[in-house]
Amino acid sequence: MGAMTDPVTDEATEPLSDRLQAWLEADGEKSLGALVTTFGPQSFAILFLVLMAFPALPLPTGGVSHVLEIATMLLALEQVVGRRTVWLPQRLAKRELKALSGKFTQALVRRIRWFEKYSKPRFEHLLGWRATGSAIGLIVLALTVAAFVAPPFSGLDTLPALGVVVLSLGVLLGDAAIAAVGVVIGAAGVALVFALGSAVLHFL
């Protein structure tokens with residue numbers, strides 16, 4: 001299976017958007033386990049990207065987002081403790097990614113292609129360090145928790161989730177600058193969640 005800390009390798013020279021689109025359009029199951037098998041060394045990053053893309057939508061997504069966020073938190077914990085390969089319980093590995101269909105899938109691939117146009121290898125070697133992988137896992141965990149605790153139907157979970165998506169894209173593209181942008185977006189989202197939460201508590 002895979003590790004988020006391994007940037008793009010010689011075995012994966014095809015653009016990320018093309019590989020993801022090919023997997024989505026191919027026959028066969030569209031489960032978490034199948035995604036890990038397909039993307040191998042990049043499995044942590046691709047799972048973070050796919051799972052948090054739905055909560056990153058500026059739309060009320062209800063309980064569906066919480067399920068995806070819990071899965072993301074579990075995977076982030078694996079990376080925090082230093083795992084370089086994804087481990088999934090059998091039940092979770094077989095879980096179908098029902099959100100990956102229709103217009104959502106098309107929009108996701110388009111956004112990835114937009115990032116690919118402007119990305120280039122920047123400090124790519126830093127993304128391969130084990131310590132960096134653990135740090136990224138911790139950041140993903142913190143941003144996902146912030147998205148999870150955001151008031152439901154408030155839209156406040158969007159920025160932390162988007163931060164995870166952009167951070168993951170930076171790792172997948174071997175571009176530390178894009179990864180840093182994701183961290184900044186996520187941090188702004190966390191600050192907004194806590195600022196508005198504090199304001200509400202003070203008002204009450």
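**Helix packing and an aromatic cluster in a predicted model**

Let me begin with helix α3, in which 11 of the 11 residues are buried, so that this helix is largely enclosed by the rest of the structure; buried here means under 20% relative accessible area, exposed means over 50%, and partly exposed lies in between, with a 1.4 Å probe and protein chains only. The buried residues of α3 are Ser-43, Phe-44, Ala-45, Ile-46, Leu-47, Phe-48, Leu-49, Val-50, Leu-51, Met-52 and Ala-53. Helices are DSSP runs of H or I with at least four residues, and strands are runs of E with at least two, numbered from the N terminus.

Residues are numbered from 1 along each chain as its sequence is written, and side-chain values use heavy atoms, with hydrogens and water left out.

Now to the packing of α3. Helix α2, residues 32–39, packs with helix α3, residues 43–53, at an angle of about 135 degrees, and their axes are 9 Å apart; the axes are lines fitted to C-alpha atoms, for helices over the stretch in contact, and the angles run from 0 to 180 degrees between N-to-C directions. That makes α2 oblique to α3, given that angles under 35 degrees count as roughly parallel, over 145 as roughly antiparallel, 65 to 115 as roughly perpendicular and the rest as oblique. On the α2 side, Leu-32, Leu-35, Val-36 and Phe-39 meet Ser-43, Ile-46, Leu-47, Val-50 and Leu-51 of α3, where contact means heavy atoms within 4.5 Å. The residues of this contact of α2 with α3 divide into eight nonpolar, one polar and no charged; Ala, Val, Leu, Ile, Met, Phe, Trp, Tyr, Cys and Pro count as nonpolar, Asp, Glu, Lys and Arg as charged, and the others, Gly among them, as polar.

Phe-39, which lies in α2, is buried, with a relative accessible area of 4%. Leaving aside neighbours within four places in sequence, Phe-39 is in contact with Leu-16, Arg-19, Leu-20 and Ile-46, and the C-alpha atoms of Phe-39 and Arg-19, 20 residues apart along the chain, are separated by 8.7 Å.

The residues of the contact of α7 with α8 divide into 11 nonpolar, two polar and no charged.

Finally, the aromatic rings. Rings of Phe, Tyr and Trp (its six-membered ring) pair if their centres lie within 6.5 Å, and planes under 30 degrees apart count as stacked, over 60 as edge-to-face and the rest as tilted; by this rule the count comes to three aromatic pairs. Trp-114 and Phe-115 form an edge-to-face pair, at 5.2 Å centre to centre and with 85 degrees between the planes. Trp-114 counts as partly exposed at 47% relative accessibility, whereas Phe-115, at 18%, counts as buried. Trp-114 and Tyr-118 form a tilted pair, at 4.9 Å centre to centre and with 55 degrees between the planes. Being four residues apart in helix α6, residues 102–118, Trp-114 and Tyr-118 are separated by about one helical turn, and Tyr-118 is exposed, with a relative accessible area of 52%. Together, Trp-114, Phe-115 and Tyr-118 form one aromatic cluster.

Definitions and conventions:
Predicted model: local features only at pLDDT ≥ 70, side-chain atom pairs only at ≥ 80, totals over all residues.
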